[in-house]
Each structure stands twice: as C-alpha cells, then as structure tokens.
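Subject: The structure we talked about

Hi,

Here is the structure for you to open alongside this note. Once you have it on screen, please read on for what turned up in it.

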Amino acid sequence: KVGTYSLAVAAAHHKIPFFVAAPITTLDPSTASGADIHIEERSPREVTHVKDVQLAADGISVWNPAFDVTPGALITGIITERGVISKSPAQQFDVASFISSSSTAATATATSA
C-alpha cells in the first residue's frame, strides 16, 4: 500500500513507535533490504481517468506504484500472525530466523494438539 512511508516518517518525528502489520506470507526472508524489493507499477490510467472520463492532460507523465517501501530504520517491529519480529542488537530484522523458529513452534503445537 502507498502511504506507509509517510506515516512512519511522521511517527519518527513525534517519537512514536511504528509497527507494520503483515502476514507471514508477504515476508521474503531472502530479501536483504528494502532496496532489493521490486515495486510493481500499476496502470497510469488508474490515476488519469475515472471510469472512462480522462481527468489529466493528454501526454502527462504518471508513476503509479502499487506500494511504497518503508526503511527498516523507521520501523519498531513487524506484527505477524505468529508474533512480533523485533530488531536485533544490530538494528536489523532477522526475518528468516523468525519464520524458521515460528514455523517450528507452530508445527510442535499442532503435533501436540
């Protein structure tokens, strides 16, 4: 979603902790940083038209990203259905370890039930 970055900046300015809520399925443990995320671009028509009525000038340049990327430095934690991913002492999110450990814990709980 577009808009998370600006909310994180506002929270940081006011010294308010900022958490991201995301399902585990949206986290990619092989992605080292936000700079590695490919941002899907949506159709410019979504911005220039309402139904079939053109609102923007002909030939206008449009960038319509499907989402923005919030730098990890602005994020306090990532809330998932398996718990909260907190930063390491090095101020990094170890998503791969969290997914691995929470997956093991979920399997153990399901097996003992």
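Let's start with a histidine: H49 is buried, because its relative accessible area is 15% (buried means under 20%, exposed over 50%, and partly exposed in between, using a 1.4 Å probe and protein chains only). Before going further, please keep in mind that this is a predicted model, in which local features need pLDDT of at least 70 and side-chain atom pairs count only at pLDDT 80 or more, while totals for chains, interfaces and linings use all residues. Residues are numbered from 1 along each chain as its sequence is written, and side-chain values use heavy atoms, with hydrogens and water left out.

**Around H49**

H49 sits in strand β2, residues 49–50 (strands are DSSP runs of E with at least two residues, helices are runs of H or I with at least four, and both are numbered from the N terminus). Its side chain makes a polar contact of 2.7 Å with the side chain of T48. For that term, a pair of N or O atoms must lie within 3.5 Å; within protein, one must be able to donate a hydrogen and the other to accept it, and residues adjacent in sequence count only if both atoms are side-chain atoms. Setting aside residues up to four places away in sequence, H49 touches Q54 and L55 (contact means heavy atoms within 4.5 Å).

**A buried threonine**

T70 belongs to the loop between β3 (53–54) and β4 (77–80). Is T70 buried or exposed? T70 counts as buried, because its relative accessibility is 13%. The T70 side chain reaches the backbone nitrogen of Y5 at 3.4 Å. Beyond its neighbours within four places in sequence, T70 is in contact with T4, Y5, A8 and I75.

**The sheet**

There is an open sheet of 3 strands in the order β1-β4-β5, and its pairing is mixed (two strands pair if DSSP finds at least two bridges between them). β1 (19–21) and β5 (83–86) are the edge strands, each pairing on one side only. From one strand to the next, the twist averages 25° (axes are lines fitted to C-alpha atoms, and angles run from 0 to 180 degrees between N-to-C directions).

As background, strands of a sheet pair through backbone hydrogen bonds, either parallel or antiparallel. Here β1 and β4 pair in the parallel sense over 3 bridges, and F19 stands opposite G77 in β4. β4 and β5 run antiparallel and are joined by 4 bridges. In that pairing, I78 stands opposite I85 and I79 stands opposite V84. A hairpin is formed by β4 and β5, with 2 residues between them.

**The nonpolar core**

Which residues touch the most other members of the largest nonpolar core? They are L27, I78, I85, F93 and V95, out of 13 residues in that core. The term means a set of buried Ala, Val, Leu, Ile, Met, Phe, Trp, Tyr and Cys residues joined through side-chain atoms within 4.5 Å. Two or more residues come from each of α1 (4–13) and α3 (95–112), and α3 gives the most, with 3 residues. V95 touches L27, P29 and I85, again not counting residues up to four places away in sequence.

**Salt bridges**

How many salt bridges does a search of the whole structure find? The search finds 2, where a salt bridge is a side-chain nitrogen of Lys or Arg within 4 Å of a carboxyl oxygen of Asp or Glu.

- R42 pairs with E46, and their closest N and O atoms are 2.9 Å apart. R42 is partly exposed because its relative accessibility is 38%; E46 is partly exposed too, at 45%.
- D52 meets R45 at 3.4 Å, N to O. D52 counts as exposed because its relative accessibility is 68%, while R45 is partly exposed at 41%.

**Two backbone angles to look at**

Most residues other than glycine have a negative phi. K51, in the loop between β2 and β3, has a positive phi of about 55° although it is not a glycine. K51 counts as exposed because its relative accessibility is 75%. Q91, in the loop between β5 and α3, also has a positive phi, of about 65°, and is not a glycine.
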